[in-house]
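Welcome, and please open your viewer. We will go from stop to stop, selecting a few residues each time and looking at what is there.

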Amino acid sequence: MTKKQVNQFYGNTIMKSTEVLDKAKSLLSEDREKTHGNKIENHENIARLWSSYFQNKYKIAILVSPEDVANLMNLLKIARTQAGKFNLDDYIDAAGYAAIAGEIAMQREKQRISATLGEKNAKSNKTTKNK
């Protein structure tokens, strides 16, 4: 992207990190969900497809998680910063994918803890009933 193109698209001022994050935040809006669907469901679908692809192609069981998808997409954006011309969108998109990975990982951790607590509660109820 040329300096003129950067100025036309992003303005004449240098974007601060908080502005890059604000732009990424705007891309993760509900409007995007209307167009592309729920981001977590999308990453779950991609994870299943990538897992199947790797299993079929390489004949080995590889389980790709939804947060792996977001992390790998983040790496794709990082790789793009190392080739070609400067494109601020690569950094904005990377920030967005990092946020998605964090959201998915937090959600999965919460589900794991809930499941673990459910198992502990079930065990304690059995112990209590047996007394």
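How much space lies in the largest pocket? About 470 Å³, where a volume is the space filled by probe spheres set on grid points joined across faces, edges and corners. A pocket here is an open set of points on a 1 Å grid over the protein atoms alone, where a 1.4 Å probe fits, with protein on both sides within 12 Å along at least five of seven lines; lining residues have an atom within 4 Å of a point.

Before moving on, a word on the model: it is predicted, so local features need pLDDT of at least 70 and side-chain atom pairs count only at pLDDT 80 or more, while totals for chains, interfaces and linings use all residues. Residues are numbered from 1 along each chain as its sequence is written, and side-chain values use heavy atoms, with hydrogens and water left out.

**Stop 1: the pocket lining.** Select Leu27, Leu28, Arg32, Tyr97 and Ile100, which lie nearest the centre of the largest pocket among its 20 lining residues. Helices H2 (17-27), H3 (30-36), H4 (39-58), H5 and H6 (88-130) each give two or more residues to this lining. H6 provides the largest share, five residues. Helices are DSSP runs of H or I with at least four residues, numbered from the N terminus.

**Stop 2: helix H5.** Now select residues 66-81, the 16 residues of H5. At 1.5 Å a residue (times one less than the number of residues), H5 should span 22 Å, and its end C-alpha atoms are 23 Å apart, which agrees. Colour Pro66, Glu67, Val69, Ala70, Asn74 and Lys77, which are buried (under 20% relative accessible area; exposed is over 50%, partly exposed in between, with a 1.4 Å probe and protein chains only). Seen down the axis of H5, these buried residues fall within an arc of 160°, so they line one face of the helix; the arc is taken from the directions from the helix axis to the C-beta atoms.

**Stop 3: Asn74.** Zoom in on asparagine 74, buried at a relative accessible area of 13%. Not counting residues up to four places away in sequence, asparagine 74 touches Ala94, Tyr97 and Ala98 (heavy atoms within 4.5 Å).

**Stop 4: Lys59.** Go to the loop between H4 and H5, where you will find lysine 59. Lysine 59 counts as exposed, at 64% relative accessibility. Its phi is near 60°, a positive value in a residue other than glycine.
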